Amino acid sequence: MKYMQKMCAVSVFLLVAAGMVFSGGQRAQSSGKGLIGVVMPTRSEERWNKDGNAVKEGLEKLGYTVDLQFSDDDIPTQTRQIDDMITKGVKVLVIASIDGGALSNQLANAAAAKIPVISYDRLLMQSPNVDYYVSFDNYKVGVQMGEILVTGLKLDQATAANPVIVELFAGSPDDNNSVGFYQGAMDRLKPYFDRGVLRVPSGQIDRAVIGTLRWDAAEAQKRMENLLSAYYSGNVVLNGILSPYDPISLSTLEACKAVGYGTPGKPLPLVGGQDCIVASVKSILAGEQYATILKDTRSLGAATVELVNTIMQGGTPTGLDTTSYNNGAKIVPSLLLDSVIVTKDNVQKDVIDTGYHTRAELGL
Ligand code: GAL
């Protein structure tokens, strides 16, 4: 069932992408233009800049005017920006939230003004006034996070007599994506915990305990430092880290380096990540971070642009997943894209050849 939904979502995406190619120019000249509001959580993370620009450029190519705002990871700033957009009379709102549950008043105002709302990448929670969700399959991304450890740490060959030692990090507790990432990763790792071949010396496993508010890499680094001094002072050696986000991967590796990991006889723990940021791809090429997960912001942007265009033309988007994402008030129809694990082996094929990052950006 889930496979069929995904195939439908992929077909819709391909169809809409083709539609953009064949009719984009024509639409740009025809009417149906209007002001579209796009709000991204912060400018200080690489991905949201890419996301914001991909959506803006795509919409502008179709002839729309775009008000793109970044919210500095500050909830009052984000609510004010959305209020302003509603006052300005935007025709559609595209929102990547900071705290998915903090925008209910704004969403109610948007609904009262008959402004459709697209929840971008992060699900807007506890509100009936969310029309669509465009994201990646967050549970599957989580499974990939677990898979990186299973493969990289060769967990299938591990024994209970000589278990693999890891510590776990999760994303921001107020971001619903963190739930999917955590569940997917833990489901993938469960058999290894059950067999006793994978161990967490700190015992810190619950999502509430291992979460990282606002995905803050410095906070994660501090937690890693504390874990290392509390649980790894003797002979226990950390072999791996579950990381949900590239800056967390890099900062936790820094904490490990500070206590002697990454020197002869004491290799860095194996860590994955998410977002395929330039610094992490460089680290992967340098043999430090092991892997990341590429969620192509260009595809997410293109899918969003097409959805906005369909709504603006009075069409009904089809082929959406109508079962997976319950935001606490309704099931939000969703378009879910696929993500790719990137290690040293496929940086060229999946990152450079596709133009996601150029060789120059990667310092090659
Ligand atoms: C999540 C998103 C991740 C990562 C993280 C930190 O919501 O799905 O890809 O970007 O936020 O910004």
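# Rings, a serine and a helix face

Visitor: Which residues do ring pairs link into a cluster?
Guide: Phe181, Trp215 and Tyr245. Rings of Phe, Tyr and Trp (its six-membered ring) pair if their centres lie within 6.5 Å; planes under 30 degrees apart are stacked, over 60 edge-to-face, the rest tilted.

Visitor: What am I looking at, though?
Guide: This is a predicted model, where local features need pLDDT of at least 70, side-chain atom pairs count only at pLDDT 80 or more, and totals for chains, interfaces and linings use all residues. Numbering runs from 1 along each chain as its sequence is written, and side-chain values use heavy atoms, leaving out hydrogens and water.

Visitor: How many aromatic pairs does the structure hold?
Guide: Three. One is Tyr133 with Tyr325, edge-to-face, at 4.9 Å centre to centre and 65° between the planes.

Visitor: Where do Tyr133 and Tyr325 sit in the chain?
Guide: In distant parts, 192 residues apart. Tyr133 is in strand β5 (132–136), and Tyr325 is in the loop between α11 (297–312) and β11 (334–337). Helices (H or I, at least four residues) and strands (E, at least two) are DSSP runs, numbered from the N terminus.

Visitor: Is Tyr325 buried or exposed?
Guide: Buried, with a relative accessible area of 10%. Tyr133 is buried too, at 0%. Buried means under 20% relative accessible area, exposed over 50%, partly exposed in between (1.4 Å probe, protein chains only).

Visitor: Back to Phe181 and Trp215. What kind of aromatic pair do they form?
Guide: Edge-to-face, 6.1 Å centre to centre, with 65° between the planes. Phe181 lies in helix α6 (177–194) and Trp215 in the loop between α7 (207–210) and α8 (217–231), so the pair ties together parts 34 residues apart in sequence. Both Phe181 and Trp215 are buried.

Visitor: Which lysine lies over the face of Tyr356?
Guide: Lys50, at 4.1 Å from the ring centre. Lys266 lies over the face of Tyr261, at 4.3 Å from that ring centre. A charge sits over a ring if NZ of Lys or CZ of Arg is within 6 Å of the ring centre and within 35 degrees of the ring normal.

Visitor: New topic. What is Ser334 in contact with?
Guide: Leaving aside neighbours within four places in sequence, Ser334 touches Tyr133, Leu320, Asp321 and Tyr325. Contact means heavy atoms within 4.5 Å. Ser334 sits in strand β11 and is buried, at 0% relative accessible area.

Visitor: Which backbone oxygen does the side chain of Ser334 reach?
Guide: That of Val332, at 2.8 Å.

Visitor: And helix α4: which are the buried residues?
Guide: Gln106, Leu107 and Ala110, in a helix of residues 104–112. They cover an arc of only 100° around the axis, which puts them on the same side of α4. The arc is that of the directions from the helix axis to the C-beta atoms. On the other side, Asn105 and Ala112 are exposed.

Visitor: What do the buried residues of α4 pack against?
Guide: Against α3 (75–88), β3 (92–95) and β4 (117–120). Just after α4, Lys114 takes a positive phi of about 60°.

Visitor: Last one. What is the phi of Asp72?
Guide: Near 55°, positive in a residue other than glycine. Asp72 lies in the loop between β2 (65–70) and α3 and is exposed, with a relative accessible area of 56%. Cys276 also is not a glycine and has a positive phi of about 55°. Cys276 sits in the loop between β9 (270–271) and α10 (278–285), and is buried, at 0%.

Definitions and conventions. Polar contact = N/O pair within 3.5 Å; in protein donor to acceptor, adjacent residues only side chain to side chain.
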